[in-house]
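Please look over the sequence and the three-dimensional structure shown here before reading the report.

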Amino acid sequence: MSETVTKPLALTMGDPAGVGPQITMAAWQQLRDSPQHGFFVIGAPELYAPHMAVEIINHPDEAPEIFQKALPVLPLANMPLPKPGQPDSDTAPAIIKTIETAVSLCLEGQADAVVTNPINKALLYGAGFKHPGHTEFIAALCESASKRPTQPVMLLTGGGLRVALATIHIPLREACNALTTSALIALGQIVSTSMRQDFGLLAPKIAFTGLNPHAGENGTIGREEVEIINPAAEQLRAAGIDISDARSADTVFAEALTGRFDAIIAMTHDQGLIPVKTLDIWGGVNSTLGLPIVRTSPDHGTGYDAAAEGNARPDSLIAAIKQSRLMTDNRKRLA
Ligand SMILES: NC(=O)C1=CN([C@@H]2O[C@H](COP(=O)(O)OP(=O)(O)OC[C@H]3O[C@@H](n4cnc5c(N)ncnc54)[C@H](O)[C@@H]3O)[C@@H](O)[C@H]2O)C=CC1
Ligand SMILES: NCC(=O)COP(=O)(O)O
């Protein structure tokens with residue numbers, strides 16, 4: 001078997017007025033003696049340097065040597081330094097640039113995965129950002145680099161659940177109309193592939209949630225299950241994927257916790273996020289499947305109030321870092 005080369009993980013700065021800087025420093029403190037979780041952060045060194053040992057690097061390959069004694073920072077951001085909890089739109093171009101750089105480094109093989117710190121999308125729109133989230137932005141960056149169509153899939157892990165989402169950053173009213181059999185088939189294939197190659201599950205068992213109460217009650221409380229979701233499940237099963245017809249969303253998460261399903265595909269953002277965040281508000285991880293790179297993120301936002309109070313918890317970022325390493329190693333091992 002050929003030897004695989006381990007590269008450090010690339011963390012983005014995120015919104016410098018949010019919890020990103022605090023949780024990055026706390027994550028480094030907790031992981032500095034764990035070389036397999038070695039990372040560097042792309043951002044303004046001044047965010048970290050007053051609080052801890054920082055070493056500026058010029059290339060990701062310098063990070064592993066440094067990681068145990070100092071936080072390696074690839075300095076990209078030329079920007080004003082906001083106070084914690086006080087977002088500044090002048091930081092937007094630098095925030096965007098750090099994400100672009102992390103993705104490029106990963107696509108070039110200089111970093112093993114991208115771990116993003118939280119951003120506030122509204123702050124970025126004035127700087128030309130055109131995406132509702134990292135998920136769509138990173139997919140667009142990968143698509144333009146690879147010249148291949150990319151269908152990004154948001155997967156939340158936490159509280160013993162793995163939940164992929166059929167729709168994400170669109171109004172709930174539109175989400176119902178956005179569900180199509182062909183999109184659900186593509187989604188089922190991406191989730192099944194990821195469960196095998198990223199999570200090492202040889203025979204993953206997947207469930208679709210229904211959209212309507214009681215999964216539509218045989219078409220009497222909504223037709224999406226019989227007309228859209230179940231036909232997708234049928235075609236996926238014909239292709240050898242172990243996936244259920246639409247199951248009642250009020251019980252399927254509890255069924256998964258008993259081991260009956262390894263992953264659930266939920267129809268809308270909050271249908272999937274509510275159980276994960278309720279079970280595991282601090283430890284949840286948001287990953288993007290369907291990309292040529294591994295990308296994970298904490299499952300919380302910029303938390304400006306926690307940043308201002310200085311009591312931000314790093315648990316979710318640490319879980320995201322660990323999960324990115326697990327996914328990367330599995331992907332290399334099972335490729
Ligand atoms: N991956 C990303 O970049 C994400 C970004 N966001 C963005 O974050 C912004 C704020 O969104 P909200 O819905 O208010 O969610 P939020 O997660 O930022 O805040 C919800 C509550 O959790 C607290 N909190 C968040 N992270 C914390 C941490 N690490 N430690 C301690 N407390 C923490 C906050 O202080 C707040 O009370 C929005 O602009 C949203 O778009 C939201 C989710 C993910
Ligand atoms: N609920 C998490 C979320 O929507 C974050 O989106 P993204 O920035 O990871 O695309």
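The report below takes up the domains, the sheet, the ligand surroundings and the annotated positions.

## About the model

This is a predicted model, in which local features need pLDDT of at least 70 and side-chain atom pairs count only at pLDDT 80 or more, whereas totals for chains, interfaces and linings use all residues. Residues are numbered from 1 along each chain as its sequence is written, while chains are lettered from A and ligands numbered from 1 in the order in which they are written.

## Two domains

The chain is assigned a domain 1, covering 1–152 + 299–335, and a domain 2, covering 160–279; such bounds come from an automatic or database domain assignment. The C-alpha centres of domain 1 and domain 2 are 29 Å apart.

Where domain 1 and domain 2 touch, nine residues from domain 1 meet 10 residues from domain 2, two residues being in contact if their C-beta atoms, placed from the backbone, lie within 7 Å. On the domain 1 side, helix H12 (residues 315–334) gives the most, with four residues; helices (H or I, at least four residues) and strands (E, at least two) are DSSP runs, numbered from the N terminus.

## The sheet

An open sheet of 12 strands with mixed pairing runs in the order S3-S4-S2-S1-S5-S12-S11-S6-S7-S10-S8-S9, where two strands pair if DSSP finds at least two bridges between them. Its edges are strand S3 (54–56) and strand S9 (242–247), each of which pairs on one side only.

Within this sheet, strand S6 (residues 153–158) and strand S11 (residues 285–289) run antiparallel and are joined by five bridges, and Val153 has Leu289 as its bridge partner in S11.

## Around the ligands

Ligand 1 has 17 residues around it, of which Asn120, His300, Gly301, Gly303 and Ala306 come nearest; a residue counts as near a molecule or strand if its C-beta atom, placed from the backbone, lies within 6 Å of it. The shell around ligand 1 holds six nonpolar, eight polar and three charged residues, where Ala, Val, Leu, Ile, Met, Phe, Trp, Tyr, Cys and Pro count as nonpolar, Asp, Glu, Lys and Arg as charged, and the others, Gly among them, as polar.

Ligand 2 is surrounded by Gly133, His134, Thr135, Leu273, Asn286 and Ser297, a shell with one nonpolar, five polar and no charged residues.

## Annotated positions

In an unreviewed entry, UniProt lists His169, His214 and His269 under "binding site"; UniProt positions are given in the numbering used here, feature names are shortened, and annotations may be inferred rather than shown by experiment. These positions are spread over 101 residues of sequence and also in space, up to 24.6 Å between C-alpha atoms. His214 lies in the loop between S8 and helix H8 (224–238).
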